[in-house]
Amino acid sequence: MPLIYCVEDDENIRELVGYALRSQDFEVETFADSKEFWPALEKRTPALLLLDIMLPGESGNDILDKLRKTQQYKTLRAIRQDSQTPVIMLTAKTSEYDIVKGLDGGADDYVCKPFGIVELISRIRAVLRRSGRQSTETNLYTYGPVSLDQEKHIVTVDGKPCHLTVKEFELLRYLLVNTDIVLKREQIMEAVWGFTYEGESRTIDMHIKSLRQKLGDGGKIIHTVRGVGYVIGGNV
């Protein structure tokens with residue numbers, strides 16, 4: 001179970017990232033700033049670090065620079081010179097300068113806010129694979145007649161291919177990942193679309209309707225919890 005550290009000052013984002021990654025069998029520790037992060041780093045080595053750029057006090061770029069260049073932290077047990085911890089930057093800044101600055105500073109990848117949780121998890125897995133730190137991961141999700149192959153991006157119902165749009169695929173995957181958990185509409189919107197807005201209910205309901213139709217009999221695995229959201233499985 002890979003350990004992920006997330007340094008992010010926005011509490012809502014920290015909670016969302018932590019919840020989503022734990023549902024994917026990652027171990028997660030989150031920190032609001034560098035004051036909490038550095039002591040934890042000296043105790044345990046994360047498989048990967050999610051690092052927000054805009055942090056109070058010491059910025060994400062400052063932390064990255066210290067990780068990569070300062071001898072004091074290179075020689076820590078947590079950050080050895082022969083095994084640098086991969087870093088993904090989380091940033092609201094989208095200019096080419098900010099992106100290049102992070103990558104030149106030693107970041108392995110970056111994700112711009114607002115981001116979808118499905119995209120973030122895919123980026124994390126890709127970086128872990130490249131760094132050789134990825135443990136055995138689940139690529140195939142199955143419930144009843146429905147199977148979703150994450151790596152091949154294929155969905156089948158009773159063994160027959162089912163063609164979905166990108167968002168329908170991400171929506172189904174998010175529901176399958178959280179089998180037996182009732183997901184609120186705002187959770188789904190944040191995880192799959194990367195943001196929330198007043199029309200979220202209609203958007204999600206329309207995608208659920210389309211997804212059920214395309215899955216045919218397999219669509220019956222998706223249950224509506226009135227006034228709350230949706231769930232695959234559970235005592236509905």
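Reader: Which residues of H6 meet Leu16, Val17, Ala20 and Leu21 in H1?
Author: The model is predicted, so local features need pLDDT of at least 70 and side-chain atom pairs count only at pLDDT 80 or more, while totals for chains, interfaces and linings use all residues. Residues are numbered from 1 along each chain as its sequence is written, and side-chain values use heavy atoms, without hydrogens or water. Helices (H or I, at least four residues) and strands (E, at least two) are DSSP runs numbered from the N terminus, and contact means heavy atoms within 4.5 Å. On the H6 side, the four H1 residues Leu16, Val17, Ala20 and Leu21 meet Ile117, Leu120, Ile121 and Ile124.

Reader: How many residues of the contact of H1 with H6 are nonpolar?
Author: Nonpolar covers Ala, Val, Leu, Ile, Met, Phe, Trp, Tyr, Cys and Pro; charged covers Asp, Glu, Lys and Arg; the others, Gly among them, are polar. In the contact of H1 with H6, no residue is polar and none is charged, and the nonpolar count is 8.

Reader: At what angle do H1 and H6 pack?
Author: Axes are lines fitted to C-alpha atoms, for helices over the stretch in contact, and angles run from 0 to 180 degrees between N-to-C directions. The axes of H1 and H6 are 11 Å apart, and the packing angle is about 60°.

Reader: Is H7 roughly parallel, roughly perpendicular, roughly antiparallel or oblique to H8?
Author: H7 and H8 pack with their axes 10 Å apart, at an angle of about 125°. Angles under 35 degrees count as roughly parallel, over 145 as roughly antiparallel, 65 to 115 as roughly perpendicular and the rest as oblique. The angle therefore makes H7, relative to H8, oblique.

Reader: Which residues of H8 does H7 meet?
Author: H7 brings Lys167, Glu170, Leu171 and Tyr174 to the contact. From H8 come Gln187, Ile188, Ala191, Val192 and Trp193.

Reader: Which helix gives the most residues to the lining of the largest pocket?
Author: On a 1 Å grid over the protein atoms alone, a cavity is a set of points where a 1.4 Å probe fits but cannot get out; a pocket is an open set with protein on both sides within 12 Å along at least five of seven lines, and lining residues have an atom within 4 Å of a point. Of its 14 lining residues, the closest to the centre are Ser122, Arg129, Asn139, Gln150 and Glu151. Helix H7 (166–177) supplies at least two lining residues, but the most, with 5 residues, come from H6.

Reader: How many charged residues are in the lining of the largest pocket?
Author: The lining of the largest pocket has 4 nonpolar and 4 polar residues. The charged ones number 6.

Reader: Which helix supplies the largest share of the lining of the second largest pocket?
Author: This pocket holds about 190 Å³ and is lined by Asn12, Ile13, Glu15, Leu16, Tyr19, Tyr174, Gln187 and Glu190. Helix H1 (11–23) and helix H8 (185–193) each give two or more of these residues. The largest share, 5 residues, comes from H1.

Reader: What is the volume of the second largest cavity?
Author: The search finds 2 cavities of 30 Å³ or more. The lining of the second largest cavity includes Ala20, Ile121 and Tyr174, and H1, H6 and H7 each give two or more residues to that lining. By class, this lining has 6 nonpolar, 3 polar and 1 charged. The volume is about 40 Å³.

Reader: Which peptide bond is cis?
Author: Most peptide bonds are trans. With omega near -5°, the bond runs from Lys113 to Pro114.

Reader: What is the phi of Asp158?
Author: Asp158 sits in the loop between strand E8 (154–157) and strand E9 (160–162). Most residues other than glycine have a negative phi. Phi of Asp158 is positive, near 55°.

Key
Grid points are joined across faces, edges and corners, and a volume is the space filled by probe spheres set on the points.
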